[in-house]
Amino acid sequence: MQKRMLISLIDAALGWKSRRSGAVQVGRGSTIAWRRITHVTGNTLSVGEDSLVNAAVSFEDAGGTVQIGSRTFIGRSSL
């Protein structure tokens, strides 16, 4: 229970930081495992509404774009 709460707090902090950068757009009702998103600065991540993203999203160079549609489930994988 404590581990899950700690992970939730870490995800909330990382999500706030990513959204604040302006490089991330997340639709209403979407859940993202923020701890698995890396190198967002200089790139764009867009997630539609009511999506669940648990994938590791990693950008290699600046200028990259990842778009995930609405009502989408992406399990534990790498993008």
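Where does Asp50 lie? Asp50 sits in the loop between strand 4 (44–47) and strand 5 (52–53). We will come back to that loop.

First, the ground rules. This is a predicted model, in which local features need pLDDT of at least 70, side-chain atom pairs count only at pLDDT 80 or more, and totals for chains, interfaces and linings use all residues. Residues are numbered from 1 along each chain as its sequence is written, and side-chain values use heavy atoms, with hydrogens and water left out.

Now the overall layout. The protein chain has 1 helix and 8 strands. Helices (H or I, at least four residues) and strands (E, at least two) are DSSP runs, numbered from the N terminus. Along the sequence the pattern reads α-β-β-β-β-β-β-β-β. The radius of gyration is 12 Å, close to the 12 Å that the globule rule gives for 79 residues, so the chain is as compact as a globular protein of that length. That radius is taken over C-alpha atoms, and the rule is 2.2 Å times the number of residues to the power 0.38. The C-alpha trace spans about 40 × 25 × 25 Å along its principal axes.

How much of the chain is buried? Buried residues make up 33% of the 79 residues. Buried means under 20% relative accessible area, exposed over 50%, and partly exposed in between (1.4 Å probe, protein chains only). The accessible surface comes to about 5,500 Å². Of that surface, 52% belongs to carbon and sulfur atoms. These areas come from the Shrake-Rupley method with a 1.4 Å probe; for residues, only the protein chains shown count as cover.

Next, contacts. Contact means heavy atoms within 4.5 Å. Take the contacts between residues at least 6 apart in sequence: 4% of them join residues at least 24 apart.

On to the strands. Two strands pair if DSSP finds at least two bridges between them. Start with strand 1 (residues 24–26). Strand 1 pairs with strand 4 in the parallel sense over 3 bridges. Within that pairing, Val24 has Leu45 as its bridge partner. Strand 4 also pairs with strand 7, again parallel, over 4 bridges. Here Leu45 stands opposite Val66, and Val47 has Ile68 as its partner.

Look at the faces. In a regular strand the side chains alternate between the two faces of the sheet. Which residues of strand 4 are on its covered face? Leu45 and Val47 are on the covered face, while Thr44 and Ser46 are on the uncovered one. Strand 7 alternates as well: Val66 and Ile68 point to one face and are buried.

Strand 2 and strand 5 run parallel, joined by 2 bridges.

Asp50 has a positive phi of about 55°, although it is not a glycine. Asp50 is partly exposed, with a relative accessible area of 49%. Ser51 is in the loop between strand 4 and strand 5 too. Is Ser51 buried or exposed? Ser51 is buried, because its relative accessible area is 3%. What does Ser51 touch, leaving aside neighbours within four places in sequence? Its contacts are Gly29, Ser30, Thr31, Gly69, Ser70, Arg71 and Thr72.

Arg71 is in the loop between strand 7 (65–68) and strand 8 (73–74). Its phi is positive, about 50°, and Arg71 is not a glycine. Arg71 is exposed, with a relative accessible area of 70%.

Last, the helix. Arg20 is found in helix 1 (residues 2–20). Arg20 is exposed, at a relative accessible area of 66%. Arg20 and Thr65 are 45 residues apart along the chain, and their C-alpha atoms are separated by 17 Å.
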